[in-house]
Amino acid sequence: MSNTPMAASPLTRAVLEIDEYASGLGWDQPARLFALVDTARLRTQEPGLAHQLGLEDEQATTGLTPVEQDEIPAGKPLDEFLGTIAWPDAVVGCALTVERLMLPPSAEASVPECLSGKKLTQWVASHPDRQEVRMTVGVLRDGTRDSALRLREKDASTEVLTGAGLVPGLADALSATFAD
């Protein structure tokens, strides 16, 4: 991808590639799940699929190819859905992109203690300091993690934050899809 740093790790490049793809679809999109496969292995073992994905001309360097999975069922909580996933051995990692509302740390102290579920969601949605954010989180079987965060109000590839520990709960849930 044009905005992906070449010096970044293969996982960081894959996460940023997925973020850029999601950005091109616009906001207010459903969550999207991706299998991450080793690009060189894909080219060797599945040349037809590699051709379909436009990978035959890619450099022979190490890299990961994101392969979007079927749509996540509407109405099913994300954590329940992730609990049903098992990956074949050819999948070396997975990634998820999802949009959420977030509050700055300063606002979290004012959350009423009696709220939960839908009422808490409504309270956050009406809070004046709320931020819409797209989170793209990727994990590998070996436990490596990376994330990209994009705020709706700063929707530019130069404003994307990256880091391994930005969304630990989601990274944990994705890592659990590889547990035996």
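I looked up Phe178 and found a relative accessibility of 11%, so this residue counts as buried. The model is predicted, and I read the entries below accordingly.

I then ran the search for ring pairs over the whole structure, which returned two aromatic pairs.

I took the pair of Tyr21 and Phe34 and noted an edge-to-face arrangement, with 6.0 Å centre to centre and 90° between the planes. I traced Tyr21 to helix α1 (residues 10–25) and Phe34 to strand β1 (residues 32–38); the two residues are 13 residues apart, and the pair links distant parts of the chain.

Tyr21 is partly exposed, at a relative accessible area of 37%, whereas Phe34 is buried, at 4%.

I turned to the pair that Phe178 forms with Trp87, and I recorded it as stacked: the centres are 6.2 Å apart and the planes 25°. The angle falls under the 30 degrees that count as stacked. I placed Trp87 in the loop between α4 (78–82) and β3 (91–102), and Phe178 in the segment after α7 (168–176). These parts are 91 residues apart in sequence, so the pair ties them together.

I checked Trp87 for burial as well: its relative accessibility is 13%, and therefore it counts as buried. The cut-off for buried is under 20% relative accessible area.

Lastly, I looked up a charge placed over a ring. Arg134 lies over the face of Trp27, and I noted a distance of 4.1 Å from the ring centre.

Definitions and conventions:
Residues are numbered from 1 along each chain as its sequence is written. This is a predicted model: local features need pLDDT of at least 70, side-chain atom pairs count only at pLDDT 80 or more; totals for chains, interfaces and linings use all residues. Side-chain values use heavy atoms; hydrogens and water are left out. Rings of Phe, Tyr and Trp (its six-membered ring) pair if their centres lie within 6.5 Å; planes under 30 degrees apart count as stacked, over 60 as edge-to-face and the rest as tilted. Helices (H or I, at least four residues) and strands (E, at least two) are DSSP runs, numbered from the N terminus. Buried means under 20% relative accessible area, exposed over 50%, partly exposed in between (1.4 Å probe, protein chains only). A charge sits over a ring if NZ of Lys or CZ of Arg is within 6 Å of the ring centre and within 35 degrees of the ring normal.
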